[in-house]
Every structure is written in structure tokens, then in C-alpha cells.
Amino acid sequence: MPQLIVIGTSLGGLTALPVLLQTLSPALSTPIAIVQHRHRDSRSGLLDFLQPYTTLSLREVEDKDPIQPRTIYLAPADYHLLVESHQFALSIDEPVSFARPSIDVLFETAAESFGKEAIGVILTGANQDGAQGAATLKAQGGTVIIQDPTTAESPIMPAAVQANTSVDWVLPLTQIGSCLNHLCLATRKSRSS
Amino acid sequence: MKNDLEEIEIQLLLEGIYQYYGFDFRNYARSSLHRRIRKILADENLPYISDLQARILHDPACLQRFLLGITVNVTSMFRDPSFFLAFRQRVVPLLRTYPYVRIWHAGCSQGQEVYSMAILLQEEGIYDRCRIYATDANETVLKQAENAIYPLELMQQYTQLYLQAGGKQSFSEYYTAAYGNAILRHSLKQNIIFSQHNLATDRSFNEFHVILCRNVLIYFNADLQKHVHYLFHESLCMLGILALGRQESLRLSPFQSHYEPIANREKIYRRLH
């Protein structure tokens, strides 16, 4: 059963994330962590921007926050976000592929902590951050979903993942939410029955 | 299974370094530590952490490379300008009431934020009565901090951050350009004392009016964070100021109730008792 969903996006993410969040079931309890590339000085702007699109609680990660259900965590600007078993950690190590926060760092540490119980989602983006992390996540038994590059505002990021990894799902943006609902809620139903 | 083995190898490596050299990384947060050790392993061109352990224990030059790889953080002058602005507006007025101000900048890395503070205090006209103790566990990094030389290409970004932080002059007045570098003005250094101090193993060395420790505790696990909060509480005078990083908090401190927020969003606190 999935323990954590990690999502990475760059250019176009501010259009894509609201669509994705609106299609998530309010019953979804699997925690979600998001890296959206953004300017190093941007503060809580992203949180305020996204909150209207979800009833789940939304939070910018603070150091050593425990990973809680029914919560969406945002990587703070100018920090790497790392998964450390059942909590988050932050670092100001050098940027990875020019990015801090780096999608690769989030995905790789999610893979280490949760392996096959992690789901990685790569949305629109104009660079290749995430390609390495998604490959690692897949190699550790996790599930990888990408936004169909032909429907992405900027196809480079999901296409880079596709070139590197045999992804589990290639979906238009509007169907990614229901896929996540299915993966996380269906498993639970079959367990309880 | 690979990860379990890696964890065992890392524990042995850290234990070896602690027992032989006295540097204690055993309570560093695991996720960053693992990444950094893997990077060092690749740089050293070694297959296993056990090989790295042998090289570090038998070759002090390798230890130096390891220490650098494990401890360097990448910050900038006036990182989080709103923090420096809040410090200027809320903390400086408090500091004006003291005849003499001792500031401890713990984990100063390459010095960018120490000089930012020196600029701020100079512009507020109180630098003459301040003494900044800038410490870091790593000697190499401290030397870089003391040199006060940064790549010229960063100055444009620093200038922007300086202005957002409430800077009152032209930022270019604070450095001289030479050979692709920016050399900071000498007067900024005059009241800074650089010295080696390891938060994990060294004790309190003075009583301070202000302690700045930003984005250092994120590299420590909960136990070591607690230990450092003891150290800070012990080293801070009554009504002294504690400033943490933007995404850090007093949540893991046993002294949370001993502080009140002065600028909550900027993680600036004052010791009450």
C-alpha cells in the first residue's frame, strides 16, 4: 500500500498543480510531497496559491516534520527536501542540476525510505530534473507516473523520464488525480474487505 | 539489503573517525549525510564505504577532503532578506540599549551571512560596539570566511538581496573587484573573530546577547539538536536573541517555553528565562 506520493514539476507547474489537486479525492490519506521549481526568494506564495484547490491540509516543510496522513507538503524555496524514513529533512547542499529544491533529491530519498510503497509523479517542466530520481524510484520497486509529454505545457521533463525509465502510467493531466485515487484507495478497500 | 549494509558501513566509518580523530558526525541527520558520503565516495573513486574508511583513517589529507565534503553548506549574502530586514527593524533597537554587544554566529560556513550582519550593524551605526564571534567546525571553511573573497559573478544577486534586506548604501561600496573576484571591504572584518568550534563536541565559551545559527541544525538529528539547544540556552544572556533558519523551529528544543518569538515568521526568538 502506497505510503508516500512525490510530485515534481517545473515550468507549467503552476497551471498543472491546481488541476491535479482538484482531482484528488478528499478521502485520500496518503501523504504527498511536491517539488515545484521556483525562485529562491519566493516565500509562502505557492502555499497561498494552491490552498484554494484542495481540502487536504497544505504545509511548507519545516525541518524534521513527521510525515502525516491527509497532508500535502511543499518543498520550501531554496532548500532541498529529503525523505528520512518517516520524517522530512531539509538541506542547503549545492543545487543539483541547477535546482534547489531538486526533484531528483526528493525522489531518490523517497525511494530509499519507501521503495515499492512510493509513487512518483512527473508533470510539465522545461529541464531534466527528476529523470534520475524517477529511475531510482522505479529501480527500488516504486510506481512512476508521468504527464503525457504531448499534452504537457512543457514536455521536456516528462519526456526525459520516459527516455530513462519504463514508466507505469503515461496520462493526460486530468487523469493523474483519479489514477492516484485508484492506486491509494483501491488498495485500502481490498485490504479491509 | 544494500541500504542496510550501507548504513552499517556508515556507522562504522563515523565511529572510526570519532575514535581516531575526534570529529563526531554520529548524530548527523542521515538523509543528507548519506548523500554527501556517496558523493565523496564517487569523488575518491572508491567502490565501498569500507574502502573510504581505510583511506580516511590512514591518510589525513583524505580526512580533510571528507570534512569539507561533509560540512560545506551553500548559502549567500543576505540569504532570506526578510530575515535581515526583521533583524534590522526589531532586534537592532534592542541592541542599541546595550553598551557592548557580543554576537555568536554558530556555523558560519564561508562567511557570507557574517559579513551581511557586519554590513547591517555598520549601517545602523552600532558595529563599533559589537563583537561577532564567527565559528565553524571546519578549518578550511573558516579560512575562506576570513579571506572574504567571493566570485564577482555573485555580486549582482547579492546586490538584489542586500536591497531587499533594507540596505541603505550602494552595495558596490562594500567590495573591490579584482581578477573575477569581489574582495570585501576590510573594515567589515575589524570586529569579527573567527575561530573553530564544533557544536557537537565543544562547550559554551562566552555569554552572548545574540546567537545566530541558521540552517545548521537541519543537518543534525533530534538528539544533537537538543544538545545544541542546551548549549545555546546556556550561552545566551537573559533577554538574549536566538535566530534560526527560515524552516527551523524550537519544536525540537527542550527550552521552547523559555523563549518568546520576536519575529515568528523569521524565527527570531528572545530568551525569557
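This is a predicted model: local features need pLDDT of at least 70, side-chain atom pairs count only at pLDDT 80 or more; totals for chains, interfaces and linings use all residues.
Modeller: Two strands count as paired if DSSP finds at least two bridges between them.

Colleague: How many bridges join strand 4 of chain B to strand 5 of chain B?

Modeller: There are four, and the two strands run antiparallel. Strand 5 covers residues 181-184. One of its residues, L184(B), is the bridge partner of Y175(B).

Colleague: What holds strands of a sheet together in general?

Modeller: Strands pair through backbone hydrogen bonds, and the pairing may be parallel or antiparallel. In this structure, three strands of chain B make an open sheet with antiparallel pairing, in the order 3-5-4. Strand 3 (149-151) and strand 4 (175-178) of chain B are the edge strands, each pairing on one side only. On average, neighbouring strands of this sheet are turned by 30° against each other, direction ignored.

Colleague: Is C179(A) buried or exposed?

Modeller: C179(A) is buried, with a relative accessible area of 8%. In the other chain, C62(B) is also buried, at 1% relative accessibility.

Colleague: Now the contact between the chains. How many residues does it take from chain B and from chain A?

Modeller: Chain B gives 35 residues and chain A gives 30 residues. The area buried between them is about 2700 Å², and carbon and sulfur atoms give 39% of that. On the chain B side, R35(B), R246(B) and Q247(B) lose the most area to chain A, together 26% of what that side buries.

Colleague: What is the count of salt bridges between chain B and chain A?

Modeller: Seven. Among them is the one between E62(A) and K267(B), where the closest N and O atoms are 2.5 Å apart.

Colleague: Let us end with a single residue. Where is V105(A) found?

Modeller: V105(A) is in helix 3 of chain A, residues 103-114. V105(A) counts as buried because its relative accessible area is 2%, and the limit for buried is under 20%.

Colleague: Which residues is V105(A) in contact with, leaving aside its neighbours within four places in sequence?

Modeller: Within chain A they are H80(A), L81(A), L82(A) and V96(A), and from chain B there is R35(B). R35(B) is also one of the residues named above for losing the most area to chain A. As for H86(A), 19 residues from V105(A) along the chain, the two C-alpha atoms are separated by 16 Å.

Methods
Residues are numbered from 1 along each chain as its sequence is written. Chains are lettered from A and ligands numbered from 1 in the order in which they are written. Side-chain values use heavy atoms; hydrogens and water are left out. Axes are lines fitted to C-alpha atoms, for helices over the stretch in contact, and angles run from 0 to 180 degrees between N-to-C directions. Buried means under 20% relative accessible area, exposed over 50%, partly exposed in between (1.4 Å probe, protein chains only). Contact means heavy atoms within 4.5 Å. Buried area is the accessible area (1.4 Å probe) that two parts lose on being put together, summed over both. A salt bridge is a side-chain nitrogen of Lys or Arg within 4 Å of a carboxyl oxygen of Asp or Glu.
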